[in-house]
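The description moves from helix packing to the nonpolar cores, and then to individual residues.

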Amino acid sequence: MQHPVSAPSGVTAPNHADRIGFAQLTRRAFEGGDLHPLRERLLARIEEGTAEAGEGLDLSLIAQLLGEKEAGLVIQTEVLSFHQLFRTPCAAPKPRLRVLALAADIDMGGNTPIDFLLEDSDIELLTLYVVKGIGLPDTLPEHDVAIVIASDSAECREALALIEKAAPHWPRPLLNRPDLIGNLDRDKLYRLLADVPGLDIPVTAPTTRAQLSELSQGKLVCEEITGELRFPMIVRPRGTHAGVGLAKLDDAEALAAYLAERQEHDFFVARFVDYVSPDGLYRKYRLAMVDGKPYACHMAIADRWDIWYLNAFMAFSEEKRAEEAVFMLDFDHAFAARHKIALDEMSRRVGLDYFIVDCAENQNRELLVFEADNTAVVHNMDPPAVFPYKPPQMRKIFAAFTAMLSRHARAGEESAA
């Protein structure tokens with residue numbers, strides 16, 4: 001029997017369903033594999049009534065990877081209504097460690113893609129979905145260390161609250177504690193980091209469509225939304241990521257045109273920071289903060305300010321890739337050393353064991369922080385023939401992540417002894 005708000009009283013042998021998992025299916029899609037035959041096989045098994053719960057969850061992910069997000073979420077919610085615990089088998093015949101990941105019922109980008117971080121390791125992954133109306137089991141599955149992988153999004157708030165209620169009595173070490181994940185909200189992060197030496201983070205203020213409409217008509221001034229706001233400004237719909245709805249608006253007329261194209265009612269606004277380099281290009285970095293230490297994930301170089309890795313077209317420029325390779329090779333004694341004070345203090349204040357930072361350097365060479373996130377994808381899918389420098393760097397991150405899990409698991413054993 002399960003209760004929505006009860007604290008777990010101990011651990012027991014897991015009653016899990018096996019699945020292919022996020023990393024393998026995403027890799028197939030990324031490499032151009034055809035997921036339709038697998039989808040048809042899984043659909044046939046469901047129609048026959050012979051499908052296992054793990055196959056249902058795999059089908060949900062396949063639907064999302066094929067662009068059928070709503071259908072995928074309907075399948076996922078249906079599966080999670082009768083089964084919440086899933087296993088992604090590890091590479092080793094006998095796992096050295098068992099990790100319990102605590103997830104929410106959300107789309108494929110809403111939980112930390114921990115499968116990638118554990119690929120080819122000797123660590124077994126159990127994922128427990130904390131679902132509205134069901135919550136946590138009275139007795140948890142056996143595990144050595146747990147980690148919260150639900151995001152700071154509104155859809156995950158109830159799951160995080162349930163985990164937070166149980167956290168003080170958790171029988172094993174619990175990483176990325178739920179009360180700290182909320183620090184990553186865009187309108188909280190800048191308050192947390194505002195006075196960190198050597199770090200620049202614009203005030204990110206929530207605002208409404210009505211306020212922006214008044215601003216576009218001259219009935220409101222920027223400072224009435226937040227003191228440092230001015231044109232040009234950055235605006236994005238609340239709750240979006242990966243550049244969806246993101247725009248730089250130079251004046252009130254541009255704001256009016258933007259609102260005419262958008263349907264949302266809630267937005268974030270921030271001052272625009274022109275972080276262009278002397279050569280006229282923009283450089284944006286993704287860092288993984290693992291156990292308090294920064295690691296380079298990628299460097300995107302483009303002639304536009306609104307960069308993410310895909311629109312920088314790094315695969316098509318040998319010169320850009322050469323610069324990214326140097327960035328990774330020299331990272332510890334160059335970028336990380338240059339921003340050591342800011343990175344150390346940011347890690348301390350955020351407080352999470354693992355999170356991702358998207359950042360740049362402003363024209364004063366301060367660390368310009370765009371956002372921090374616990375669910376951004378860190379992967380090793382880029383073709384080695386094009387990006388030969390990436391696999392060693394990704395393996396370094398994965399090794400740091402598994403070492404962190406092992407360290408906490410050992411600490412848990414010692415404290416229990």
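Helix α1 (residues 22-30) packs with helix α3 (residues 53-65) at an angle of about 30 degrees, the axes lying 10 Å apart. That angle makes α1 roughly parallel to α3, a term for angles under 35 degrees, while over 145 is roughly antiparallel, 65 to 115 roughly perpendicular and the rest oblique. Axes are lines fitted to C-alpha atoms, for helices over the stretch in contact, and angles run from 0 to 180 degrees between N-to-C directions. Helices (H or I, at least four residues) and strands (E, at least two) are DSSP runs, numbered from the N terminus. This is a predicted model, in which local features need pLDDT of at least 70 and side-chain atom pairs count only at pLDDT 80 or more, whereas totals for chains, interfaces and linings use all residues. Residues are numbered from 1 along each chain as its sequence is written, and side-chain values use heavy atoms, with hydrogens and water left out.

From α1, Phe22, Leu25, Thr26 and Ala29 meet Asp58, Leu61, Ile62 and Leu65 of α3. The residues of this contact comprise 6 nonpolar, 1 polar and 1 charged; Ala, Val, Leu, Ile, Met, Phe, Trp, Tyr, Cys and Pro count as nonpolar, Asp, Glu, Lys and Arg as charged, and the others, Gly among them, as polar.

Helix α2 (residues 36-48) also approaches α3: their axes come within 10 Å and cross at roughly 140 degrees. The two helices are therefore oblique to each other. On the α2 side the contact involves Leu38, Arg39, Leu42, Leu43, Arg45 and Ile46, and on the α3 side Glu55, Asp58, Leu59 and Ile62. This contact divides into 6 nonpolar, no polar and 4 charged residues.

## Nonpolar cores

The largest nonpolar core holds 107 residues, of which Phe401 and Leu405 touch the most other members. Helix α14 (residues 390-416) provides the largest share of this core, 8 residues. A nonpolar core is a set of buried Ala, Val, Leu, Ile, Met, Phe, Trp, Tyr and Cys residues joined through side-chain atoms within 4.5 Å. Leaving aside neighbours within four places in sequence, Phe401 is in contact (heavy atoms within 4.5 Å) with Ile114, Leu117, Leu118, Ile147, Val290 and Tyr354. Another core, of 16 residues, lies apart from it and includes Leu212, Val235, Leu249 and Tyr258.

## Buried and partly exposed residues

Glutamine 393 belongs to helix α14 and is buried, with a relative accessible area of 6%. Buried means under 20% relative accessible area, exposed over 50%, and partly exposed in between (1.4 Å probe, protein chains only). Beyond its neighbours within four places in sequence, glutamine 393 is in contact with Tyr295, Ala296 and Met328. Threonine 88, in strand β3 (residues 85-88), is buried at 12%.

Aspartate 330 occupies the loop between α11 (318-329) and α12 (335-338) and counts as partly exposed at 27% relative accessibility.

## Backbone features

Most residues other than glycine have a negative phi, and most peptide bonds are trans. The peptide bond from phenylalanine 231 to proline 232, however, is cis, with omega near -5 degrees. Proline 232 lies in the loop between α9 (209-216) and β11 (233-237).

Aspartate 291 has a positive phi of about 55 degrees and sits in the loop between β14 (282-290) and β15 (293-302). Arginine 365 also has a positive phi, near 65 degrees, and is found in the loop between β16 (354-361) and β17 (367-373).
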